[in-house]
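Let's walk through this one from the overall build down to a few individual residues. Have the model open as you read.

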Amino acid sequence: MQPKYRYPFTAILGQEDLQLCLVLNLIDPSIGGVLATGDKGTAKTTTARGLSQLMGGAVPFVNLPIGATEDRVLGSINLEALINQKTTVIDQGLLAQAHLGFLYIDEVNLLNDYLIDILLDAAATGGYPLEREGISQWMDSRFCLVGTMNPEEGRLRPQLLDRFGLSVTIHSPTDPKTRSKIAMQRLDFDSDPAAFYQRFLAKEEATKAQIHTAKGKVHTIQIPINVQECCTALAIQHKVEGMRADILLLKTARAYAAYLDQSIVTVAMVHKIAPFVLQHRSKEDTPPTTSNNEDTTTPPPTTAPEQEHTTDTSANSAPEFQLPKQLQEGLQFAAPKKSQQQELELVTAPPLAPTPYPATKTTEIAVTTAVRTYLKTGVFRKTYKQRTHKTSARIVFLVDTSASMAIDQQMGYLKGMIQQTIASQTSKKIHYAIVGLYKDTAQILQDFTTDVAKVTALNYQLTTRGKTNLAAAFIKVAELLGTMATTTVQLFVFTDGRINTGAPNPFRHAITTYWQYLRKISHTTIIDTEMGFIKLGKAKQLAQQLQAAYIPIQVG
């Protein structure tokens, strides 16, 4: 049962940026939502739910628990109507309920991959097909996605991250007076929620009216040429991918102008909202800065977030994912053209371990089929759902691009194998990522993506540099994986095994780091790139220590 009074949106202190982002999405829902990341207990959840109370039910605000089942998210058959009225009635899922409103997910970074895929599909198409026993219906679902998360608990998939129109980083207030006021206001609210809400009722109504006025005029706001050029320059400066940032800068600045009851967007307004659009898209090392030329008139922010209790679980299953046939039978790649070109042959590699999608319980009953059988025969028989197989796997290429790898044949082979792996998996849903050694440490060169062209382009840009710190690379792989199930991950390590930095005994340190962080990965393969007349065999030793599959390069 929902409480009658939630903490008022306008009573929240210290979270003006988050409040402004939420308000701007109310004014122009096409902005696409807000992601709030930050410390625990900083009112992220309270602020989001306060928005729902502020709008008084005029805009749907639907909570999606991270453990929700597929039926709850997409919709299901109403059993009461089916049994008593012998008619098929669909109970809307959470996605359909959020149509033209907000879909809120607390701890969004812990959402399982299957639900993330559903969200991405719905966000891209404005709806989804509901397929159930005998039912096939399109469900409209255009919503603003509001997510909150603590980055210490894991990363967010880049595809989902980009779907959030705006993002805000939340910090605990450091001003003693502000912290004291937050604490005392929370005590007042807990003691008498109704009286506390009445104290802020006039402010709530004024803010609501301001939002309605802005919503009515947002499409009449003028955007001068200098503002358009400013947005383009910011997008280029921060090296964002695609055109989404350019469009969102314009939309968000326009909504901000409407909220301030202005008729034209200014450059100062663009600089005010730019960090919200760019900070989770920027490829620059330094985050975008905000302008202090204008103050937001957004109401102030709050206290500790409320707790959400969820007990649902979700599931799915998948067939085996095998190493590409070409790699199992032996591949031949040509190194980059040289005066004396040599052919490189890959020996037979063992098949990879199965990589299931989050699995469904085999005992799940096909309710509609069972009930229909009962209505026809008068006898209830358990009928179980057939598994829906979804081919999905994650492949991580850990590439040793250190100086010891600076042989054209090695790099040509490495790039060729990566390319062949990608090319052979075009019919399956594979997420690829690349981690590379860099300046005596390591970095994530490409986060997980299904965009083969992006991985291919990056693959051909690989260059050699620095020493080999494989321990640092293993830590980066662990960071890349975050909280996702490692049973769906295939790790390919391209190295000559000459690990020469990171600790007094770097080889042993790399092995220890692997077993500490990556021991649960379903399958690891060491691709031995060592060449020349004198071979140390370090990559083979590494494979033995990691209990990993081993594939040497053979020069013929």
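Buried here means under 20% relative accessible area, exposed means over 50%, and partly exposed is in between, using a 1.4 Å probe and protein chains only. Helices (H or I, at least four residues) and strands (E, at least two) are DSSP runs, numbered from the N terminus. A word on provenance: this is a predicted model, where local features need pLDDT of at least 70, side-chain atom pairs count only at pLDDT 80 or more, and totals for chains, interfaces and linings use all residues. Residues are numbered from 1 along each chain as its sequence is written, and side-chain values use heavy atoms, with hydrogens and water left out.

First, the big picture. The protein chain has 20 helices and 17 strands, and 50% of its 556 residues count as buried. Contact means heavy atoms within 4.5 Å. Among the contacts in the chain with a separation of 6 or more, 78% are between residues 24 or more positions apart.

Now find α13, residues 267–278. This helix is mostly covered, with 10 of its 12 residues buried; among them are Met 269, Lys 272, Ile 273 and Phe 276. The cover over those buried residues includes α1 (16–27), β9 (166–170), α11 (225–237) and α12 (244–259). The expected span of a helix is 1.5 Å times one less than its number of residues. For α13 that gives 16 Å, and its end C-alpha atoms are 16 Å apart, which agrees.

Follow the chain into the loop between α13 and α14 (325–329), and you'll come to Lys 283. Lys 283 has a relative accessible area of 49%, so it is partly exposed. Beyond its neighbours within four places in sequence, Lys 283 is in contact with His 238, Lys 239 and Glu 241. His 238 is 45 residues away along the chain, yet its C-alpha atom is 5.7 Å from that of Lys 283.

Which of its residues are buried? In α8 they are Ile 182, Gln 185, Arg 186 and Phe 189. Seen down the axis of α8, these buried residues fall within an arc of 105° (taken from the directions from the helix axis to the C-beta atoms), so they line one face of the helix. On the face turned away from that buried side sit the exposed residues Pro 176, Lys 177, Leu 187 and Ser 191. Covering the buried residues of α8 are elements including α2 and α9 (193–199).

Helix α2 (44–55) turns up again around a cavity: together with β1 (33–38) and β8 (143–149), it is one of the elements that each supply at least two residues of the lining of the second largest cavity. The largest share, three residues, comes from β8.

Finally, look at Gln 541 in helix α20 (residues 538–546). Gln 541 counts as partly exposed, at 34% relative accessibility. Leaving aside neighbours within four places in sequence, Gln 541 is in contact with Phe 507 and Leu 536.
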